[in-house]
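Here is a short briefing on side-chain contacts, meant to be read with the model open beside it. Take a look at the charged and aromatic residues as you go.

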Amino acid sequence: MQRKKLFNIEGNDEIINRRMIGGNVTNLFNLNNVKYQWANKVYRLMMENFWIPEKVSLFDDKRAYEELTASEKRAYDGILSFLVFLDSIQTNNLPNISEYITAPEVNLILAIQTYQEAVHSQSYAYIIESIIPAAKRAEIYDKWREDKILLERNKYIAEIYQNFIDNKSDINFARVLIANYLLEGVYFYNGFNFFYNLAARSLMIGTADEIKYINRDELTHCVIFANMIREIMKENSGFFNQDEIYTMFDKAVEQEIAWSNHIIGGNIIGITEKTIEEYTKFIANKRLKDIGLQPRYEGYDTNPYKQLEKVADTNGEGNVKGNFFEANVSSYNQSTAVEGWDEI
């Protein structure tokens, strides 16, 4: 892989010459002349999706947290720990990816994604400070040190990212793009569903509202990387190894199921080992189809948490315009509550 120049005097910005990777552009943002029109739409959506974590009230959640069962507290704390890792590593690694993308309109939305990942980290800090007792807060950030299953999950994705930093080959870059897509598209969602499950039982409603904002952003990020991967497949035949993609999906699904059973399964009302497997394979099939590949897991085409869609509805009217489970992307505008959806 060849890192693009900061300013390429020899560059040619004509659309006919534009490529997702390996292009020869000046690297200037001429947004009146773009090849990838989907990036323009995503850019405007992301610009509308501005929110501030502290605008969501967590006052009632502090009391509700004390009323959770020991299993619910363990899951709440453990999922927060994993989410902190996911968005931390994304904030740090996205610029490494953008350095090799030669479509300025895509570089622009990757920059916004990096900002959004930083806001997510701020959100988790706000949740931890507002709800978790002071004596336990350090445990959230350091849980990977003593939880072997969490450590293995963190290491798997981090090592793929680090391998590209250390050896910038085409193979390693292809793996980074798929790993990023898996992180955004598979790794978050059993954890998100846990918070929606609590909210459906009138528990930790403020936390669920905070998660809704994060969830919408992450779905947008799925759209970004699904489109990037499809464009590279079209422009660079053989760049991705299909067998490798399926192997990485298998590993991600295996780890997501193992982690979710470890931290959630069997001890939370409405979530079982069976529903965790069904949901993880359902969402993985969806992500595969979104990049033009055949589903991997036969028979897993139904969402076992369909009832949670009403909880995930932002306008509170039972009309889910932005479907978390199907990854339809919508815009929102934050005021003092979550409101204002317009699907694109």
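Predicted model: local features only at pLDDT ≥ 70, side-chain atom pairs only at ≥ 80, totals over all residues.

Residues are numbered from 1 along each chain as its sequence is written, and side-chain values use heavy atoms, with hydrogens and water left out.

**Salt bridges**

- The whole structure holds 19 salt bridges, each being a side-chain nitrogen of Lys or Arg within 4 Å of a carboxyl oxygen of Asp or Glu.
- Arg 296 is the salt-bridge partner of Asp 250, with 2.7 Å between the closest N and O atoms. This pair links distant parts of the chain, 46 residues apart: Asp 250 is in helix H10, and Arg 296 is in the loop between helix H11 (273-290) and strand S1 (330-334). Helices (H or I, at least four residues) and strands (E, at least two) are DSSP runs, numbered from the N terminus.
- Asp 250 is partly exposed too, with a relative accessible area of 26%.
- Salt bridges with shared partners join Lys 143, Glu 146 and Asp 147 into one network.
- Glu 256 and Arg 153 form a salt bridge through their side chains, at 2.6 Å from N to O. Glu 256 belongs to helix H10 (residues 242-263) and Arg 153 to helix H6 (residues 148-166), so the pair ties together parts that are 103 residues apart in sequence. Both Glu 256 and Arg 153 are buried.
- Lys 234 and Glu 231 make a salt bridge as well, their closest N and O atoms lying 3.4 Å apart. These two are three residues apart in helix H9 (residues 205-235), which means that about one helical turn separates them.
- Lys 234 is exposed, with a relative accessible area of 64%, whereas Glu 231 counts as buried at 10%.

**Aromatic pairs**

- There are 15 aromatic pairs in the whole structure. Rings of Phe, Tyr and Trp (its six-membered ring) pair if their centres lie within 6.5 Å; planes under 30 degrees apart count as stacked, over 60 as edge-to-face and the rest as tilted.
- Tyr 100 and Phe 164 are an edge-to-face pair, because their ring centres are 5.2 Å apart and their planes are at 75°. They link distant parts of the chain, 64 residues apart, with Tyr 100 in the loop between helix H3 (70-98) and helix H4 (104-131) and Phe 164 in helix H6.
- Tyr 100 is buried, at 3% relative accessible area, and Phe 164 counts as buried at 2%.
- Tyr 189 and Phe 192 are also edge-to-face, with ring centres 5.6 Å apart and planes at 80°. About one helical turn separates these two, as they are three residues apart in helix H8 (residues 189-200). Both Tyr 189 and Phe 192 are buried.
- One aromatic cluster is formed by Tyr 65, Tyr 76, Phe 194 and Phe 195.

**Charges over rings**

- Lys 168 lies over the face of Phe 164, 6.0 Å from the ring centre. The criterion is NZ of Lys or CZ of Arg within 6 Å of the ring centre and within 35 degrees of the ring normal.
- Lys 251 has its charged end over the ring of Tyr 156, at 5.9 Å from the centre.

Notes. Buried < 20%, exposed > 50% of the residue type's maximum accessible area, 1.4 Å probe, protein only.
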